[in-house]
Amino acid sequence: KPQEDIDQEKADEQNNIRSERVMELEQCDWTVLPDAPLSEDMVNKYKTYRQQLRDITKQSTFNEAVPSVTWPTKPS
């Protein structure tokens with residue numbers, strides 16, 4: 001494959017990861033609202049989870065030729 005195609009595939013996969021991250025963040029936006037019906041402990045767990053999602057692009061595997069990441073576990 002030409003390098004241009006390889007670079008495009010990498011960029012596409014990175015964009016897919018970012019899109020998935022946005023969806024995950026949107027699904028738990030409500031957890032950090034002041035009137036969220038959660039204990040302080042659960043709010044803190046969600047804050048940690050959300051930060052881990054935002055930091056996902058800092059994982060070394062995100063920038064490999066075939067990007068991948070380890071997704072954090074959503075609090076339950």
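Is Tyr49 buried or exposed? Tyr49 counts as buried, at 3% relative accessibility. The model described here is predicted. This briefing covers its aromatic pairs, of which there are two. Trp30, Tyr46 and Tyr49 are linked by ring pairs into a cluster.

**The pair of Trp30 and Tyr46**

- The rings of Trp30 and Tyr46 form a tilted pair, with 6.4 Å from centre to centre and 50 degrees between the planes.
- Trp30 lies in the loop between α1 (3–27) and α2 (40–54), while Tyr46 belongs to helix α2, so this pair ties together parts that are 16 residues apart in sequence.
- With a relative accessible area of 39%, Trp30 is partly exposed.
- Tyr46 counts as buried, because its relative accessibility of 9% falls under the 20% cut-off.

**The pair of Tyr46 and Tyr49**

- Tyr46 also forms an aromatic pair with Tyr49, and this one is edge-to-face: the centres are 6.3 Å apart and the planes stand at 85 degrees.
- The angle of 85 degrees is over 60, which means that the pair counts as edge-to-face.
- Tyr46 and Tyr49 are three residues apart in helix α2, so about one helical turn separates them.

**The cluster**

- Tyr46 takes part in the tilted pair with Trp30 and in the edge-to-face pair with Tyr49.
- In the cluster of Trp30, Tyr46 and Tyr49, Trp30 is partly exposed, whereas Tyr46 is buried and Tyr49 is buried.

Note on methods:
Residues are numbered from 1 along each chain as its sequence is written. This is a predicted model: local features need pLDDT of at least 70, side-chain atom pairs count only at pLDDT 80 or more; totals for chains, interfaces and linings use all residues. Side-chain values use heavy atoms; hydrogens and water are left out. Rings of Phe, Tyr and Trp (its six-membered ring) pair if their centres lie within 6.5 Å; planes under 30 degrees apart count as stacked, over 60 as edge-to-face and the rest as tilted. Helices (H or I, at least four residues) and strands (E, at least two) are DSSP runs, numbered from the N terminus. Buried means under 20% relative accessible area, exposed over 50%, partly exposed in between (1.4 Å probe, protein chains only).
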